[in-house]
Amino acid sequence: MSNMKKIGTGSSNLWLLCLLFFISISYSQAQISSTRAFEQLGSELPTPNTYRTGSGAPGKDYFQQQADYKIKVELDDENQRIIGSEVVTYYNFSPDPLKYIWLQLDMNMFEENSINALSKTGGIKDKMTSAQLKGLNSASSVYGNVKGDKKLGYNIKLVKDLKGNDLKHTINSTMMRIDLPAPLANGQSFSFKIDWDYNVTDYYGRSGYEFFPEDGNYNYFIAHWFPRMCVYDDVEGWQNKQFMGSGEFSLTFGNYEVSITAPEDHVVVATGECQNWNKVLTKTQQNRIAQAAKSNEPVIIVSQDEAIERSKNPSKKKQTWEFKASNVRDFAFASSRRFIWDAMQTDVYGNGRKIWSMSVYSKEGNPLWEQYSTKVVEHTLKSYGNRTIEYPYPVAISCHAEPRGGMEYPMISFNGGRPEADGTYSAQTKAGMIGVIIHEVGHNFFPMIVNSDERQWTWMDEGLNTFCQYLAEQEWDREFLGRRGEAQSIVPYMRSDPSQMQPIMTNSENIIQFGNNAYGKPAAALNILRETVMGRELFDYSFKEYARRWAFKHPKPADFFRTLEDASAVDLDWFWKGWFYTTLPVDQDLAEVEWYVADSQDPEITKAAAREDYDEKRNTLSVINNKKDIAETVVEKDEKMKDFYNSYDPFAVTPQDKAKYEKYLAGLSEDDRKVLASATNFYAIKLKNKGGLVMPVIIKMEFEDGTSEVVRFPAEIWRQNAGEITKTVPTKKKVKKFILDPFHEIADIDTSNNSFPREPEQPTRFQLFKDGTAPAMNPMQEARQNKGAKIQSAD
């Protein structure tokens, strides 16, 4: 701590004291050049209009299109092939006449000459496999290069109107344009038919199959499997940006009637409600469904033993499952004879409306999936619904795809998280499985309901959803081992190589660190808004208002930014600019603290303090040694060498001192006397913004008496100098230590400069190890080995 400095309380000095107390901010004369950190976004956002207002709400002329589908599809289990036929009815509610329409052919991403394959980069390494060599110029997606030797991509067999006339169409990689016989005017609709087929890929993170060599069977997770309408809106016109693998989907709401023909012994789950359980389920399964409709706990519809038995004797017969879904943007399904199936239908929101929560999984998922999956589905619907809008659909399904990752579609999701072969699992595996189910089921809200453009802005669904996931995880288990959401979780990314970062406002296909940029950073930013910048009450209301305004619509980033400001009266342009439009990190430096107290001028106090200071400074090493080495001084030996000053005490209070003090007091005003009586300490705290990203300042003061206090100052404290400021804090107690960001809430990348006086640096630790050690066991395996006891699935 800096030495105390006294401020006099005469007329001019009292003015200085009041200036420190009431204004309390001073700025370095050598100010940094303006960063315009607090200028409004202005031209960075589109001009409001009658389609999208300046408040962030849909305008009076807002429109969106509709596409209804009637689809018949067969899953060819012997050849791992999809064979489909669809009738699409497209409704034009835009003010524009449409000469042509665009559809998405996402499976064409896997063609040899796709943009995905041709735009891959990478060089030759010293050692490479043939698959790695091939992969340098072949299509890939979430899990890397797509396996298999079959021809991939759509085989479009016909495109006709309902009268049987061929429709002229042009396929450009993952997009297909259909030229209409006549322009489609506002309020009109057009129906057409498409027949197609394609070979299913090995599961690549979004769609495909998982093969099980032990019994020769497949689990199918079928998505973006049919030609789907592109979005036409007021901002992009046709959103027909090619599908390259990272930027997911931009889709139109509509109604679906889908007939899925699969092997007779398969369990099929899909977007929407099954219309013919009475035909495709056994009597026993129907009775179990009826029981599940009244149960608050999951009921087994198809047991593990039943699934195993089916897998041993595959049926060659087929049957058709009928599904309907209303007002959804997409349709996906899963199918397998290996599926275990459990379900419950519960009153999630306490309003009398019951919703199905379901899970399907093969035996490899147990014991985790039977114990947790369906309960996590229900929890997710409740948590997200309370923060946004109530889940409007009749069912939500979690399907166990592969050990890793997850993918979302309306009412159905494909999720990872798999125990070891012996049924044990680590705490991280359990948390990962629960977390991914929350995340993927949560996607029903973003973007399945609040239908943002994933092809353009990944963060608008992944970032918002990861934030809600973090909140739902905390509601699930107070000690949940989550990866993202907390401000400090994004610190390693924000302190990483700037050349490997881009702003959050970066197109989905151009992002380098995808998980950090589109998931982690936006989630941390929203958590900071909620906890530190806006407060929970204002944030929760504004976030819910955004979901309410844009449910079943197509929001853009400006609609989100504007709504949160509009509903809270908090200017957040500085926040959006810093967190979403730059890669600047947070690094606040508590550079210096100066301590001031008001000088009372009471001689009893001032002279006693002077005596203490004199005695302390006189106690030097030389003085100490001289007392030992000099037996007797001349003055001590000869009394005649003493005079007045040998007995004079300069620190004694004299009558003159007292008279002067009384005269001083008589000249003070009542306010002056209050300042003197308060005995307030004033600490001038110099702060530097070394990272460049302006943020609120949170300071914890630890007092000499063992107590503490936290003071908070808004980000606007930096508004006139974003580089260096001095904030003066008054307090009755003496401060022993100052700590910046004591609760790790602003994502500060360097905490070594967050305290004053400075903390000693912590050592960097290393581990000694030897090669060839056996793989570590998870705690459940260790317990089995040590106790020889069977470990139960419950914690």
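Mentor: This is a predicted model. Begin with threonine 563, which counts as buried because its relative accessibility is 0%, where buried means under 20%.

Trainee: In which helix is threonine 563 found, and with what is it in contact?

Mentor: Threonine 563 is in helix H13, residues 557-566. Setting aside neighbours within four places in sequence, threonine 563 is in contact with Ser55, Gly56, Ala57, Ser542, Glu545, Tyr546, Arg549 and Trp550.

Trainee: How do I read a nonpolar core, and which residues have the most contacts inside the largest one?

Mentor: A nonpolar core is a set of buried residues of the nonpolar kinds, joined through side-chain atoms within 4.5 Å. Here the largest has 199 residues, and Trp225, Phe414, Phe560, Phe575 and Trp579 have the most contacts inside it. Helix H9, residues 459-476, gives the most to this core, with 8 residues. A second, separate core has 5 residues, among them Tyr661, Tyr664, Leu665 and Leu668.

Trainee: What does phenylalanine 560 touch?

Mentor: Not counting residues up to four places away in sequence, phenylalanine 560 touches Trp459, Met460, Leu464, Leu526, Phe543, Tyr546 and Trp576. Tyr546 is also among the contacts of threonine 563.

Trainee: Is asparagine 527 buried or exposed?

Mentor: Asparagine 527 is buried, because its relative accessible area is 5%. It lies in helix H11, residues 514-533. Beyond residues up to four places away in sequence, asparagine 527 touches Phe467, Tyr470, Gly485, Glu486 and Ala487.

Trainee: Where does proline 730 lie, and how far is it from phenylalanine 713?

Mentor: Proline 730 lies in strand S32, residues 724-731. Its C-alpha atom is separated by 14 Å from that of phenylalanine 713, 17 residues apart along the chain. At 32% relative accessibility, proline 730 counts as partly exposed.

Trainee: What should I look for in the backbone angles?

Mentor: Most residues other than glycine have a negative phi, and most peptide bonds are trans. Look for departures from that pattern. A cis peptide bond joins asparagine 366 and proline 367, with omega about 10 degrees. Proline 367 lies in the loop between strand S24 (355-361) and helix H7 (368-387). Another cis peptide bond joins phenylalanine 756 and proline 757, with omega about -5 degrees. Proline 757 is in the loop between strand S34 (755-756) and helix H21 (779-787).

Trainee: Which strand holds asparagine 327, and what is its phi?

Mentor: Asparagine 327 is found in strand S21, residues 318-328, and has a positive phi of about 55 degrees although it is not a glycine. Asparagine 327 counts as partly exposed because its relative accessibility is 33%. Alanine 747 also has a positive phi, near 65 degrees. Alanine 747 lies in the loop between strand S33 (735-740) and S34, and counts as buried at 2% relative accessibility.

Trainee: How do I read the chain as a whole?

Mentor: Set its radius of gyration against that of a compact globule. For 795 residues the globule value would be near 28 Å, but the chain has 35 Å. Its C-alpha trace spans about 130 × 70 × 60 Å along the principal axes. The secondary structure comes to 21 helices and 34 strands, and 52% of the residues count as buried.

Trainee: How many positive and negative side chains are there?

Mentor: The chain has 94 positive and 107 negative side chains, and the centres of the two sets lie 2 Å apart.

How values were computed: Residues numbered from 1 in each chain as written. Predicted model: local features only at pLDDT ≥ 70, side-chain atom pairs only at ≥ 80, totals over all residues. Heavy atoms only, no water. Helix = DSSP H or I, 4+ residues; strand = E, 2+ residues; numbered from the N terminus. Buried < 20%, exposed > 50% of the residue type's maximum accessible area, 1.4 Å probe, protein only. Contact = heavy atoms within 4.5 Å. Rg over C-alpha atoms; globule rule 2.2 N^0.38 Å. Lys, Arg positive; Asp, Glu negative; His and termini not counted. Charge placed at Lys NZ, Arg CZ, Asp CG, Glu CD.
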